[in-house]
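Hi,

Here is the structure I said I would pass on.

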Amino acid sequence: MEIITAVASLGALAQNTRLAAYRLLVQTGEEGLCAGDIGTRLDIPAATLSFHLKELLRTGLVTSRQDGRRIIYRANFSVMHDLIDYLSENCCGTDVSACAPATAKKKRS
């Protein structure tokens, strides 16, 4: 991943509505959600949600597919994994366990 791509992805997630929508799509997994369901669950007006989903689509964090008259959105896990890899690329030297997420560290204790 190039720095410009990482900055764009982080910038897209650095906004309350987009971060909430992305996290919801992560929770729904491969199935994804249509825009109406996202808006209902997050209590976001359609026009506002459309604006934010376009930004997530632009950065590749979210993909969309047509399903009849609906558009289904889903988190693009490979892009998020690439971003996480980029951010932690030079992390912790050789002590990989130090880079484990906080939830994994709690489970080991």
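This is a predicted model: local features need pLDDT of at least 70, side-chain atom pairs count only at pLDDT 80 or more; totals for chains, interfaces and linings use all residues.

As for handedness, α1 and α4 cross in a left-handed way. On the α1 side the contact involves Ala8, Ser9, Ala12 and Leu13, and on the α4 side Glu55, Leu56, Arg58 and Thr59. By type, the residues of this α1 and α4 contact come out as 4 nonpolar, 2 polar and 2 charged.

Helix α2 (residues 16-28) also packs with α4, here at about 70 degrees and with the axes 10 Å apart. An angle from 65 to 115 degrees counts as roughly perpendicular, and α2 and α4 are therefore described that way. Their crossing is right-handed. From α2, the residues Thr17, Arg18, Ala21 and Tyr22 meet Phe51, His52, Glu55 and Leu56 of α4. The residues in the contact of α2 with α4 split into 4 nonpolar, 2 polar and 2 charged. Glu55 and Leu56 are listed in the contact with α1 and again in the contact with α2.

Now the core. The largest nonpolar core holds 20 residues, and Tyr22, Leu25, Ile38, Leu56 and Leu61 are those with the most contacts inside it. At least two of its residues come from each of α1, α2, α4, β3 and α5. The largest share is that of α2, with 4 residues.

Apart from neighbours within four places in sequence, Leu61 touches Ser9, Ala12 and Leu13, along with Tyr22 and Leu56, and its other contacts are Arg74, Ala75, Asn76, Val79 and Met80.

That brings me to Asn76, which sits in the loop between β3 (70-75) and α5 (77-88). Is Asn76 buried or exposed? Its relative accessible area is 16%, so Asn76 is buried, the cut-off being under 20%. Again leaving out neighbours within four places in sequence, Asn76 is in contact with Tyr22 and with Gly60, Leu61, Val62 and Thr63.

Cheers

Notes
Residues are numbered from 1 along each chain as its sequence is written. Side-chain values use heavy atoms; hydrogens and water are left out. A crossing is left-handed if the near helix is turned anticlockwise from the far one by less than a right angle, and right-handed if clockwise. Contact means heavy atoms within 4.5 Å. Ala, Val, Leu, Ile, Met, Phe, Trp, Tyr, Cys and Pro count as nonpolar, Asp, Glu, Lys and Arg as charged, and the others, Gly among them, as polar. Axes are lines fitted to C-alpha atoms, for helices over the stretch in contact, and angles run from 0 to 180 degrees between N-to-C directions. Angles under 35 degrees count as roughly parallel, over 145 as roughly antiparallel, 65 to 115 as roughly perpendicular and the rest as oblique. Buried means under 20% relative accessible area, exposed over 50%, partly exposed in between (1.4 Å probe, protein chains only). A nonpolar core is a set of buried Ala, Val, Leu, Ile, Met, Phe, Trp, Tyr and Cys residues joined through side-chain atoms within 4.5 Å.
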